[in-house]
Number of protein chains: 2
Amino acid sequence: MESALPIGVFDSGLGGLTAVNEIRKILPNEDIIYLGDTARVPYGTRSRETILEYAEEDLGFLKSRGVKYVIAACGTVSSVMMSEGGFRDRLCNGVIEPSAAAACKITKNRRIGVIATGTSIKSGSYEKAIKKALPGAEVISKACPMFVPLVENGYIQRDCIPAVKIAEEYLLPLKDAGIDTLILGCTHYPLISGIISDILGEEVSLISSGAEAVRYAKKVLEENGLLNKKSSPGELRLYSTDSAELFEENACRFIDIKDVKVEQIRLEE
Amino acid sequence: MESALPIGVFDSGLGGLTAVNEIRKILPNEDIIYLGDTARVPYGTRSRETILEYAEEDLGFLKSRGVKYVIAACGTVSSVMMSEGGFRDRLCNGVIEPSAAAACKITKNRRIGVIATGTSIKSGSYEKAIKKALPGAEVISKACPMFVPLVENGYIQRDCIPAVKIAEEYLLPLKDAGIDTLILGCTHYPLISGIISDILGEEVSLISSGAEAVRYAKKVLEENGLLNKKSSPGELRLYSTDSAELFEENACRFIDIKDVKVEQIRLEE
């Protein structure tokens, strides 16, 4: 039964675990295989050619494990893939179109902000997807290269001065531009949504790209009769390309993984 | 003539260029081949096994290009190699012993600080090298995982609040411990030596690990009759594992490379 197979999720590192949390919430009976390419994280500062190569290897691994669906829970991979014409497989989605669609539904003044990694912003993919979904929308984009290292090193408290100062530098121009909706275009960013909200004010709606990607996947799975029919809780398996111990040490910031074993794997080239 | 061959230098990314600057200053007639593994930078947050694998590939590339000597201008690689018993090749050195020796020579109160990446500090290599060179020395070590992203994103000005705040968090405990000498154990750190000095005060001597590695290499080359005898200025060739364009964009922060071509290569596995 294809519907009994797990959902595959991958990211450059740990950020995609925010999408795993979302699957566990809205699709609690689904088994999940997660791959974090921690031996080569971060992707967001690399060239598009390198990212395409890495993404292909990540996808190849998940497919070799027999998944029924793949979520690319990485803003950078999703952006680069979209600018290449999108994922060829219909049972696979990234974060761009789902979060663009959500932002276009929510915005009232049609001024939408996008924050993401340097490579994501450079690809123009978010902007293109928003303008396709809502012609006439104004998109204000900002690359935020320091957010991933800040989150990965635990600078996520609302009163953390370095994180707040750097966030102000990135976000005040978006606030001044009058956005009413902001796409958190990298799956690390939900961990600092408190800091982001404090700067932009409650009137600006934040869209989590990972959460939207999962909602989109749920819809496609439903339409294709692929939702898992079991009633027991889904299982989670975690794979990393750098050491399992290191993954376990750092992952607790993103997800509760006690009793979940992490296995280190080597990607085929 | 072996002495006419270039010196090879490698690092995970751009930090090792601070060592290249030093070679150009004190060995101006030497040709240099530099490899930055920008497709997999940073190394300092990865496991020792992964770093050993990457370092072997970096070394292999330089050797395949016919270099007479190799400087591992990367604190993380040097630390991990040292804890494995050091580089097998006598015409190769890292940054640990040279900077430990320099610190032991300079310190008056025998209280030496070391700042480096998480993996470097975890290896204990700096501490071991210092205590070997100066029994009775007290070593106060501190991992500074945010310094590489700060430097790579240009947060290097003395009045940059996020950089100063994070640096204070890392360095005030070392100041309180009464160190009179600090090893900058990662080749990125010289770019924020101004911020570091402002916090520690001028009475604390800063040791640049990359510069010490180059001085050490000069001595070995001299002793082995391997200094280049030509009188014309040496040539610099730059190789990166991610795109050449991206390397050129970012390298200008570390080194003047106008008129130097960067070539992207793929490492053998």
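Predicted model: local features only at pLDDT ≥ 70, side-chain atom pairs only at ≥ 80, totals over all residues.
Residues are numbered from 1 along each chain as its sequence is written, and chains are lettered from A and ligands numbered from 1 in the order in which they are written.

Two copies of a chain are related by a rotation about an axis and a shift along it. Here, chain B is superposed on chain A by a rotation of 180° with 0.0 Å of shift along the axis, at an RMSD of 0.0 Å. This is the relation of a two-fold axis. The superposition is by least squares on the C-alpha atoms of residues with pLDDT of at least 70 in both copies. Among the residues of chain B, Pro162(B) comes closest to the rotation axis, its C-alpha lying at 2.0 Å.

The contact between the chains takes 18 residues from chain B and 18 residues from chain A; two residues are in contact if their C-beta atoms, placed from the backbone, lie within 7 Å. On the side of chain B that touches chain A, the elements giving two or more residues are helix 2 and helix 8 (161-176) of chain B. Helices (H or I, at least four residues) and strands (E, at least two) are DSSP runs, numbered from the N terminus. Helix 8 of chain B gives the most to this side, with 4 residues. The residues of the side of chain B that touches chain A comprise 8 nonpolar, 4 polar and 6 charged, where Ala, Val, Leu, Ile, Met, Phe, Trp, Tyr, Cys and Pro count as nonpolar, Asp, Glu, Lys and Arg as charged, and the others, Gly among them, as polar. Of the interface residues of chain B, 100% are also interface residues in chain A, so the copies meet through the same surface.

Two packed helices are described by the angle between their axes and the distance between the axes. Axes are lines fitted to C-alpha atoms, for helices over the stretch in contact, and angles run from 0 to 180 degrees between N-to-C directions. Helix 1 (residues 17-26) and helix 10 (residues 209-223) of chain B pack at about 45° with their axes 8 Å apart. Helix 1 of chain B is therefore oblique to helix 10 of chain B; angles under 35 degrees count as roughly parallel, over 145 as roughly antiparallel, 65 to 115 as roughly perpendicular and the rest as oblique. The crossing of these two helices is right-handed, a crossing being left-handed if the near helix is turned anticlockwise from the far one by less than a right angle, and right-handed if clockwise. Thr18(B), Ala19(B), Glu22(B), Ile23(B) and Ile26(B) of helix 1 make the contact with Gly210(B), Ala211(B), Ala213(B), Val214(B), Arg215(B) and Lys218(B) of helix 10. The residues of this contact divide into 6 nonpolar, 2 polar and 3 charged.

Helix 10 of chain B also packs with helix 4 of chain B, their axes coming within 8 Å and crossing at roughly 100°. Helix 4 of chain B is thus roughly perpendicular to helix 10 of chain B. Pro98(B), Ser99(B) and Ala102(B) of helix 4 meet Ser209(B), Glu212(B), Ala213(B), Arg215(B) and Tyr216(B) of helix 10 in this contact, whose residues are 4 nonpolar, 2 polar and 2 charged.

Most residues other than glycine have a negative phi, and most peptide bonds are trans. A cis peptide bond joins Val41(A) and Pro42(A), with omega about 0°, and another joins Val41(B) and Pro42(B), with omega about -5°. Pro42(A) lies in the loop between strand 2 (32-36) and helix 2 (48-64) of chain A. Arg110(A), which is not a glycine, has a positive phi of about 60° and is found in the loop between helix 4 (96-106) and strand 5 (111-116) of chain A. For Arg110(B), phi is likewise positive, near 60°.

Asp242(B) occupies the loop between strand 9 (236-240) and helix 11 (244-251) of chain B. Asp242(B) is buried because 21 other C-beta atoms lie within 10 Å; a residue is buried at 20 or more such atoms, exposed at 12 or fewer, and partly exposed in between, with C-beta atoms placed from the backbone. Leaving aside neighbours within four places in sequence, Asp242(B) is in contact with Arg46(A), Ser47(A), Thr50(A), Thr38(B), Ala39(B) and Phe247(B).
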